[in-house]
Amino acid sequence: MSRAVQFDEYGEIDVLQVRDVPRPVPADGEVLVEVRAAGINPGEAMIRRGALHDRFPATFPSGQGSDLAGVVAGTGPGVTGFQVGDEVLGFSDSRSSHAEYVTVPATQLAVKPSGLSWEVAGSLYVAGATAYAAVRAVRLQPGDTVAVAGAAGGVGTIAVQLAKRAGAGVLGIAGPGNDEWLSAHGVIPVNYGDGLATRLRAASPWGRVDAFLDFFGGGYVKLAVEELHVDPQRIDTIIDFPAIEQFGVQGAGNAEGSDIAVIAELAELAAAGELEVPIAGVFGLDDVRTAYAELEKRHTRGKLVLRP
């Protein structure tokens with residue numbers, strides 16, 4: 001047997017249960033992973049509440065979780081690239097990584113760099129792939145200025161660093177408690193609130209904003225288009241789906257960055273100390289409700305992680 005997080009209906013965190021389930025058996029091309037760390041993400045909370053039913057419906061009982069890192073515990077027929085005992089990281093497409101064991105296609109796993117912590121390895125996929133795709137979508141060039149809403153969140157903390165690597169000047173929109181972290185990573189902190197557009201222009205090294213990344217929602221796309229006059233094709237939002245239709249902005253996110261080669265590249269950067277993935281908290285599987293309660297406050301810097 002194995003233990004896994006499941007829920008039987010849409011609802012708040014009290015619908016989450018940790019249950020005994022049959023230990024999964026790897027099919028052709030699959031790897032059985034004993035999970036050592038699995039990140040949690042805002043999208044999972046939205047799916048659990050039913051807020052994304054039209055886009056990402058759940059079938060019940062539903063598992064949960066995409067990010068994962070762990071140790072290979074078995075392989076199915078046809079798997080040649082991994083063997084029992086290998087340390088790996090990657091992702092599941094079946095909402096199943098918040099568990100002690102999970103089966104994953106071998107094509108969705110990479111070898112974990114030896115210098116990378118379990119917590120970082122197990123929380124790279126959703127945030128890393130999303131940040132990578134969003135930064136790529138707005139086509140940053142050296143000399144550009146990009147503003148990032150939600151700059152201190154799980155996706156934002158990675159995206160601001162990738163934007164810096166692209167040569168852009170980065171304005172990080174966040175609360176004042178994140179000013180020090182953002183500044184230490186070469187990002188110009190700009191606190192949210194009234195008069196934001198004016199403060200962003202004033203903070204920009206060139207007095208303008210060329211691109212905008214929205215990882216928070218709540219009207220930032222409208223601000224970027226109507227007050228900052230950013231070209232809609234250089235605005236990307238991962239959360240404000242109505243604004244994609246209304247303003248013609250981009251919506252590149254996790255799906256567009258969902259490539260194990262991307263995750264492996266980010267893992268190597270993190271292991272080499274060239275990319276920091278802040279870990280805001282680590283929870284046991286039995287504390288999954290507490291972890292999501294913290295996540296849904298929307299004020300954590302970086303990632304929250306389950307350690308089954």
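Visitor: Hi! What should I know about the model before we start?
Guide: It is predicted, so local features need pLDDT of at least 70 and side-chain atom pairs count only at pLDDT 80 or more, while totals for chains, interfaces and linings use all residues. Residues are numbered from 1 along each chain as its sequence is written, and side-chain values use heavy atoms, with hydrogens and water left out.

Visitor: In what order do the 5 strands of the open sheet run?
Guide: They run β10-β9-β8-β11-β12, with parallel pairing. Strands here are DSSP runs of E, at least two residues, numbered from the N terminus, and two of them pair if DSSP finds at least two bridges between them.

Visitor: Which strands stand at the edges?
Guide: β10 (188-191) and β12 (235-237) do; each has a single partner strand, so one side of each is left without a neighbour in the sheet.

Visitor: And how many bridges join β9 and β10?
Guide: There are 4, in the parallel sense, with β9 covering residues 169-174. Leu-171 stands opposite Ile-188 in β10.

Visitor: Switching topic: which residues lie nearest the centre of the second largest pocket?
Guide: Ala-4, Gln-6, Arg-95, Ser-96 and Ala-99, out of 16 lining residues. A pocket is an open set of points on a 1 Å grid where a 1.4 Å probe fits, with protein on both sides within 12 Å along at least five of seven lines; lining residues have an atom within 4 Å of a point.

Visitor: Which strand gives the most to that lining?
Guide: β1, with 4 residues. β1 spans 2-6, and β6 (101-105) also supplies at least two.
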